[in-house]
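Subject: A structure to look through

Hello,

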Amino acid sequence: MSSTQYLLYRSFTSLVVLVGVSVITFGLIHLTPGDPAKTILIQQTDQPPTEEAVEAFRAELGLDRPIPVQYADWVTDVLQGDLGSSYYSDRAVTELILQHLPATIELAVAAMVIALAIAIPTGVLSAVHRGEEIDIVSQLGALIGVSMPNFWLGYLLIIVFALYLDLFPVAGTGGLSHLVLPAIALGTGMAAIVTRLVRTSMLEVIDRGYVDMARSKGLDERIVIYKHAFRNALLPVITVVGLQLGFVLNGAVVIEIVFQRPGLGVLLVDAIFARDYPVVQGIVLVIAVTFVATNLAVDLAYTRLDPRIEIGGRST
Amino acid sequence: MSTVDEIEQTTPWERGVATLLTVWRELRSNPLALAGAIIVAVLGVVAILGPALISQDPTAQQLGYRLQSPSLAHPFGTDHLGRDVLTRIVYGARYSLGIALAVTGIRVFLGTVVGLIAGYVGGFIDEALMRLVDIQLAFPGLILALVVAGVLGPSLRNVMIALAIVGWTTYARVVRSEVLSVREREYVAAARLVGIPTHRLLTRHLLPSVVNPVLVIATLNLGTVVLATAGLSFIGLGAQPPTPEWGTMLAEGRAYLRRAWWIVNAPGIAIMLTVLGFNLLGDGLRDALDPTQQTRVEEV
């Protein structure tokens, strides 16, 4: 497969995936046990609605038409950037998402920075001192980091740093001080994953011929490690970090609840409990599309950055 | 171990014994894996026998004993309703391990069936099934599970359904690629030529080669399911109060962080130890049974 063909093939499969994503997102509302219109009305008014009220509401939402027609309408609106509006506040879903997005992005970026700041030095040291104490300690630390529920870590941080030491606020948003604890809570789990990755990647590179070559030329060990090995080890790390977006989003939902940050996660969970389906569908769609686009970009960047990658060989 | 002669001549029983021996040797030489196995074994015993050994009711409220700090009578303290936290942790082990086993079992079954079919039949069916996997992977796992469970309605059963739907794709991929690599081997071609029917070919000749990787992933997966179940219950979608489920207990402790730190920390430690146990054991199993596989399961 030439690289143009590969680009076309990947774009095509991404398109297929997006169509599937839209069907699933649209279909979510029909997973509701019973009649969605009735369920929503009960939720809104807190009492069993009359038959006429349900009929009227169903017509208002367009739920009385055949499902394929509803889907076609929904997709048409979505493609025009219209995600509908909330059942409760009548505000546009896009507006709600844009309002809650900055808090989540802020948290995600801060967590990524913390994760990399911990993971890269630890992973490199661990690989260079393979089998020594520092390696064992860091690997054990990474294992514990992966095993820790991040919402519990969040509470631990609150108890120690907010309640006892009174260094940071307990919850909410505001300046940088509100960001520190949630970012640590979210970033630690990611740091654990990335540390293992950096270590594996470094170990692979250290064993390669060109590193031995650099060594046998008599180069200083530090230059060998940090100039020759580290640079080459970084490529797979960068791409996988790109793919950690899903991990960040998964974690952000829970962390936002722990620290009561008004981000996308809190918006999503509130909408789920309120059965505010346009909001749920909008957020799920935005997240999935971002995710597909990121994966495509990482995949294409990867093949471009490292010409040794056999095109198409990674899809199996 | 997967040449045609050996597989034809050994019974599943003998193969099972051989696998156990390999695992046993690994546990004896790898202290971390042994630690994991011990944690998992202890948890299993606690989950099965614990409730029978404890006379207290996990939901019994003793309002006169609210928010008692850890003591001899209440080693992990009491919560805001005067319930003994240790008792609730012990009962919670049943929920966590039971759900983890059930969800992982369904995932393994779904994923193995899809992977076998995709890998063996190939062609259009393969392409369609793999696109289905891609579509599923387009959603961050926990978020999809969250939405599915939320739409179905908050309950432990719905959380199990949601997590089972979300997590089978890893198995499908692994089984498929394993089948693809085995399918073209001579012994499978030979078996086909001799006229062995397809279902027998799949179960006797292709399935044995996927057992080890699936076993490794499933062990690691048990830990992630424990985390995800606790997370969804924490959000309020899974177990509902007064169920003694670890994630629910953590959520209930939120209001008492300052006065009663033990309410959130006891279930937090319980979850961490459980996941750590499965991770240590899973890493050990991989070294023993499937050393070529380097990728870890980081999905939900």
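**Where the two chains meet**

In this model, 40 residues of chain A are in contact with 38 residues of chain B, where two residues are in contact if their C-beta atoms, placed from the backbone, lie within 7 Å. On the side of chain A that touches chain B, the elements giving two or more residues are helix 1 (3-27), helix 6 (133-147), helix 7 (150-164), helix 8 (176-206), helix 11 (245-258), helix 12 (264-273) and helix 13 (277-305) of chain A; helices (H or I, at least four residues) and strands (E, at least two) are DSSP runs, numbered from the N terminus. Helix 11 of chain A gives the most to that side, with seven residues. Sorted by class, the side of chain A that touches chain B has 32 nonpolar, eight polar and no charged residues, with Ala, Val, Leu, Ile, Met, Phe, Trp, Tyr, Cys and Pro counted as nonpolar, Asp, Glu, Lys and Arg as charged, and the others, Gly among them, as polar.

Residues are numbered from 1 along each chain as its sequence is written, and chains are lettered from A and ligands numbered from 1 in the order in which they are written. The predictor gives the complex an ipTM of 0.85 and a pTM of 0.87. For chain B the mean pLDDT (the predictor's confidence in each residue, from 0 to 100) is 84, and 93% of its residues reach 70 or more. Over residues 295-300 of chain B, however, pLDDT stays under 50, although the model has 19 contacts beyond four places in sequence for them. Where pLDDT is low, the predicted coordinates should not be read in detail.

Chain A is divided into domain 1 (3-79) and domain 2 (93-305), with bounds that come from an automatic or database domain assignment. The C-alpha centres of these two domains of chain A lie 33 Å apart, and 16 residues of domain 1 are in contact with 14 residues of domain 2. Helix 1 of chain A provides the largest share of the domain 1 side, ten residues, and by class that side has ten nonpolar, five polar and one charged residues.

Two loop residues of chain A deserve a look. A:Gln260, in the loop between helix 11 and helix 12 of chain A, has a positive phi of about 50 degrees although it is not a glycine. A:Arg275, in the loop between helix 12 and helix 13 of chain A, has a positive phi near 55 degrees. A:Gln260 counts as partly exposed because it has 14 C-beta neighbours inside 10 Å, whereas A:Arg275 counts as buried because it has 21; a residue is buried if 20 or more other C-beta atoms lie within 10 Å of its own, exposed if 12 or fewer, and partly exposed in between, with C-beta atoms placed from the backbone.

**Chain B: helices throughout the pattern**

Chain B has twelve helices and zero strands, and its C-alpha trace spans about 75 × 45 × 30 Å along its principal axes. Buried residues make up 48% of the 300 residues in chain B.

In helix 12 (residues 262-289) of chain B you will find B:Gly277, which counts as buried because it has 25 C-beta neighbours inside 10 Å. Leaving aside neighbours within four places in sequence, B:Gly277 is in contact with B:Gly36, B:Ile39, B:Val40 and B:Leu43. B:Gly277 and B:Leu43 are 234 residues apart in sequence, yet 9.2 Å apart in space, C-alpha to C-alpha.

Finally, a cis peptide bond joins B:Pro241 and B:Pro242, with omega about 10 degrees, and B:Pro242 has its place in the loop between helix 10 (198-235) and helix 11 (246-252) of chain B. Most residues other than glycine have a negative phi, and most peptide bonds are trans.

With best wishes

Note on methods: Predicted model: local features only at pLDDT ≥ 70, side-chain atom pairs only at ≥ 80, totals over all residues.
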